[in-house]
Amino acid sequence: MASDLLADMLPQLIPAFLGTVKLTVASAVGSLVLGTVLTAMRVSPVGVLRALATWYVNVVRNTPLTLIVLIASLGLHYNLGLLLAPEDDSFIVQQNFRLAVLAFVLYTSCFVAESLRSGINTVPFGQAEAARSLGLSFSQSLRTVILPQAFRGAVVPLGNTLIALTKNTTIASVIGVGEASLLMKEMQEDYASDFLVIFGITAAGFLVLTLPTGLFFGWAGRRWAVRR
C-alpha cells in the first residue's frame, strides 16, 4: 500500500540524498582540479602534453560512465588490489564510495577541461601576448591572466557539468554505493506496484538538488561575465 511505502521510504530519503550530495561534492572538487590540469596541458606549448591531454579527454569522455565505474571497482580493486580505505568494519562502504568518486573524477574532469578550454577561447589573444611581453612565463600568464578570466567565462558550462554530475551519481549504485537511486531500486523490489510513486519521489528529490544549482549558475554567469 502507498501508506506503507511512504512510511518505509521517507525516513530513508535524507540519508540517501545526503549520500548523493557527498558523492557530488567530492567528485566535483576532484574533477575541477584534474580538469584544470588537463586544460593547462591542452594549451601547453609542449606538444607531448597537448597530445596526451587530448587523447585522454577524447577517449574517456566517449567511454560509458558505467564501464568506468565498473573498471574502477572490478579492475582497480579486485584485480589490482587498490585500497582507498582502511580495512575496518566500514571498509566495503568506504572503499566503494571512494572508488565511485575516483571514477566520477576521471570522467567528469574531461567535461570540466572542455568547459575551461571554451572559457579560454573567450580571452583575447592580445592579453596572452601582453603577459609574455611583460616577461611572464607560460605558467605565470596562465595562472594570473588567462585562467581567472576563463573561469568567469565558463561559469555556465561548469554549472551544467555539475548538474550532469549530480544525475550521474545514480550510476554508483551498480557497485553498491548508498545513494538515492539505490534506495529507489530497493523500494521497487518491496513495492513493485507503486513504481510511479517511488519514481516521482526520487525525481522530486533530484529536482530539489539540480534546479537551485541551475538557477545559481545562471545568475553567476550573468554576474561574473567578463565585460568587453
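Four aromatic pairs are found when the whole structure is searched; rings of Phe, Tyr and Trp (its six-membered ring) pair if their centres lie within 6.5 Å, and planes under 30 degrees apart count as stacked, over 60 as edge-to-face and the rest as tilted. The model is predicted, so that local features need pLDDT of at least 70 and side-chain atom pairs count only at pLDDT 80 or more, while totals for chains, interfaces and linings use all residues. Residues are numbered from 1 along each chain as its sequence is written, and side-chain values use heavy atoms, with hydrogens and water left out.

Two of the pairs are listed here.

| Pair | Geometry | Centre to centre | Angle between planes |
|---|---|---|---|
| Phe17 and Phe206 | edge-to-face | 5.3 Å | 70 degrees |
| Phe216 and Phe217 | edge-to-face | 5.3 Å | 80 degrees |

Because Phe17 lies in helix α1 and Phe206 in helix α9 (residues 195-223), their pair ties together parts that are 189 residues apart in sequence. Helices are DSSP runs (H or I, at least four residues), numbered from the N terminus. Phe17 and Phe206 are both buried, where buried means under 20% relative accessible area, exposed over 50%, and partly exposed in between (1.4 Å probe, protein chains only). Phe216, with a relative accessible area of 39%, is partly exposed; together with Phe217 and Trp219, Phe216 forms one aromatic cluster.

The largest nonpolar core holds 24 residues, of which Leu23, Leu38, Leu65, Val69, Ala100 and Phe104 touch the most other members. Such a core is a set of buried Ala, Val, Leu, Ile, Met, Phe, Trp, Tyr and Cys residues joined through side-chain atoms within 4.5 Å. At least two residues come from each of α1, α2 (47-61), α3 (65-79) and α4 (91-120), and α4 gives the most, with eight residues. Another core, of twelve residues, lies apart from this one and includes Met9, Met184, Ile198 and Phe206.

Leaving aside neighbours within four places in sequence, Phe104 is in contact with residues including Leu23, Ser31, Leu65, Val69 and Leu165; contact means heavy atoms within 4.5 Å. Ser31 lies in helix α1 (residues 2-42) and counts as buried at 1% relative accessibility.

Val25 belongs to a nonpolar surface patch of about 480 Å², made with Leu18, Val21, Val29, Val33 and Val37.

Note on methods:
Patches are made of residues with over 30% relative accessible area and no salt bridge: like charges are joined within 9 Å, nonpolar side chains (Val, Leu, Ile, Met, Phe, Trp, Tyr) within 5 Å. Accessible areas come from the Shrake-Rupley method with a 1.4 Å probe; for residues, only the protein chains shown count as cover. A salt bridge is a side-chain nitrogen of Lys or Arg within 4 Å of a carboxyl oxygen of Asp or Glu.
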